[in-house]
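Biologist: I'd like to learn how to read a few features off a model like this one. Can we go through them one at a time?

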Amino acid sequence: MPSFTATLKASKHIIAVAGAGLSAASGEMTIGIPTFRGAGGLWRKYDAMGLATPQAFQANPSRVWQFYHYRREKALAAQPNPGHLALAMFSVPSLRHRMAPNSEFTLITQNVDGLSRRALEQIAATHPELAGEVNSPAVQDSLLEMHGRLFDVVCTSEACRYREHNTNSPICPALAGTENVFTKDEPEPHIDEADLPRCSKCGSLARPGVVWFEEMPWYLDRIDDLVDQADLCIVVGTSSTVYPAAGYAYAVRENGGKTAVFNLNRSEGDQDADFLFLGPAETTLPKALGLQ
Ligand code: APR
Ligand code: ZN
């Protein structure tokens with residue numbers, strides 16, 4: 001810990017790369033946001049990753065919308081945990097500069113649940129003296145949701161592609177209650193395309209505003225620059241198996257930077273990390289960042 005504190009103090013360009021483990025505790029405290037490759041990797045009888053593809057949506061938009069409706073309802077019921085809050089506080093310069101006086105910081109998250117954005121909102125609400133700083137473009141833009149957002153909805157019509165933020169619960173009447181169909185004995189509800197979420201501009205079928213497998217993650221150019229510059233990469237709650245995010249710590253190390261892994265268990269590549277904090281990120285991260 002003292003050595004990590006010294007590294008923070010000396011670092012100028014810090015990035016954090018987060019994954020599902022960062023939000024795991026938010027699930028436990030409420031009703032469960034399972035991680036992808038953990039015990040909760042199945043939804044109904046389907047492999048969750050198999051549903052996160054353009055092909056799955058094309059083949060069965062009703063089923064894929066039910067999956068995303070389920071995830072939206074879980075995320076809405078969840079609250080940011082101390083891990084989200086520590087990273088959100090660390091992204092506020094006046095707080096971060098106590099630990100890392102000359103640093104910039106960017107949080108790159110693979111999570112689509114919106115909890116890191118809500119952690120920023122929570123800090124602005126509970127610390128009015130920080131609200132101006134938290135709501136500044138510099139802080140808001142330092143959170144990169146590279147796999148998109150559960151609460152965005154995008155038009156599937158190529159001519160339109162309208163994207164909107166939508167936190168309605170349920171997102172449409174036909175999906176109401178389908179999140180409670182669990183067992184394979186219960187028949188899967190089928191919803192006609194006309195009753196699934198539609199684009200509010202042109203009426204075409206809408207899709208969840210997340211990045212699916214085979215699609216391009218967001219902010220890649222900016223992230224490449226950040227990774228090139230970084231002298232410290234903090235890896236939180238990710239199995240480090242999905243690229244490109246899985247390669248960022250490796251790239252930082254190749255450039256001579258340091259890496260710190262926060263994970264409940266051992267994870268891909270962690271034997272090369274300069275620092276390994278094994279344990280729940282919601283406990284280890286606030287301590288290590290000096291913000292609890
Ligand atoms: N604290 C820290 N780490 C934890 C915790 C916790 N409380 N709980 C679980 N973990 C760790 C697990 O040990 C695991 O290494 O979080 C990691 C979760 O890994 P995955 O489920 O593979 O999630 P992630 O790495 O975010 O997946 C990447 O793949 O499925 C796609 O697009 C999806 O963004 C996702 C991407
Ligand atoms: Zn449209």
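Biologist: Let's start with Asp 152: does it count as buried or exposed?

Modeller: Keep in mind that this is a predicted model. For burial, you look at relative accessible area, and anything under 20% is called buried. Asp 152 comes in at 3%, so it counts as buried.

Biologist: Which side chain meets Asp 152 in a salt bridge?

Modeller: Arg 163 does, with an N to O distance of 3.0 Å. Arg 163 lies in strand β7 and Asp 152 in strand β6 (residues 148–155), so the pair ties together parts that are 11 residues apart in sequence. On the accessibility scale, Arg 163 is partly exposed, with a relative accessible area of 36%.

Biologist: And how many salt bridges does the structure hold?

Modeller: Eight. One of them joins Arg 117 to Glu 145, where the closest N and O atoms are 3.3 Å apart. Here Arg 117 sits in helix α8 (residues 115–126) and Glu 145 in strand β5 (residues 143–145), so this pair ties together parts that are 28 residues apart in sequence.

Biologist: Which other arginine forms a salt bridge with Glu 145?

Modeller: Arg 149, and there the closest N and O atoms are 3.3 Å apart. Glu 145 is buried, at a relative accessible area of 2%, while Arg 149 is partly exposed at 24%.

Biologist: Helix α8 has come up already. How do I read helix packing?

Modeller: Two packed helices are described by the angle between their axes and the distance between the axes. In this model, helix α6 (residues 82–90) packs with α8 at an angle of about 65°, and their axes are 8 Å apart.

Biologist: What do you call that arrangement of α6 and α8?

Modeller: Angles of 65 to 115 degrees count as roughly perpendicular, and α6 and α8 are therefore described that way. As for handedness, α6 passes α8 in a right-handed crossing.

Biologist: Now the metal. Which residues coordinate the zinc ion (ligand 2)?

Modeller: When reading a metal site, list the donors and then look at the angles between them. The zinc ion (ligand 2) is coordinated by the SG atoms of Cys 155, Cys 160, Cys 199 and Cys 202, at 2.3 Å. Along the chain, these donors follow the spacing C-x4-C-x38-C-x2-C.

Biologist: Why is the arrangement around the zinc ion (ligand 2) tetrahedral?

Modeller: Four donors count as tetrahedral if all angles lie between 85 and 135 degrees. The four donor atoms around the zinc ion (ligand 2) subtend angles of 99 to 114°, which makes the arrangement tetrahedral.

Biologist: Let's turn to the backbone. What should I look for there?

Modeller: Most residues other than glycine have a negative phi, and most peptide bonds are trans. The exceptions are worth a look.

Biologist: Which peptide bonds are cis, then?

Modeller: One of them runs from Ser 169 to Pro 170, with omega near -5°. Pro 170 is found in the loop between β7 and β8. The peptide bond from Tyr 243 to Pro 244 is cis too, with omega near 10°, and Pro 244 is found in the loop between β9 (232–236) and α12 (248–254).

Biologist: Where is Ser 240 placed, and what is its phi?

Modeller: Ser 240 is placed in the loop between β9 and α12. Its phi is near 55°, a positive value in a residue other than glycine. Ser 240 is buried, with a relative accessible area of 12%.

Biologist: And what about Tyr 219: what is its phi?

Modeller: Tyr 219 has a positive phi of about 65°, although it is not a glycine. You'll find Tyr 219 in the loop between β8 and α11 (220–229), and it is partly exposed, with a relative accessible area of 31%.

Biologist: One last residue. Is Pro 187 buried or exposed?

Modeller: A residue is called exposed over 50% relative accessible area. Pro 187 has 68% relative accessibility, so it counts as exposed. The place of Pro 187 is in the loop between β7 (163–165) and β8 (206–210). From C-alpha to C-alpha, Pro 187 and His 13 are 52 Å apart in space, and they are 174 residues apart in sequence.

Key: Residues are numbered from 1 along each chain as its sequence is written. Chains are lettered from A and ligands numbered from 1 in the order in which they are written. This is a predicted model: local features need pLDDT of at least 70, side-chain atom pairs count only at pLDDT 80 or more; totals for chains, interfaces and linings use all residues. Side-chain values use heavy atoms; hydrogens and water are left out. Donors are N, O and S atoms within 2.8 Å of the metal (3.2 Å for Na, K and Ca); water is not among the atoms, so sites may look incomplete. Four donors count as tetrahedral if all angles lie between 85 and 135 degrees; four count as square planar and six as octahedral if opposite donors are over 155 degrees apart and all others between 65 and 115; anything else is irregular. Helices (H or I, at least four residues) and strands (E, at least two) are DSSP runs, numbered from the N terminus. Buried means under 20% relative accessible area, exposed over 50%, partly exposed in between (1.4 Å probe, protein chains only). A salt bridge is a side-chain nitrogen of Lys or Arg within 4 Å of a carboxyl oxygen of Asp or Glu. Axes are lines fitted to C-alpha atoms, for helices over the stretch in contact, and angles run from 0 to 180 degrees between N-to-C directions. Angles under 35 degrees count as roughly parallel, over 145 as roughly antiparallel, 65 to 115 as roughly perpendicular and the rest as oblique. A crossing is left-handed if the near helix is turned anticlockwise from the far one by less than a right angle, and right-handed if clockwise.
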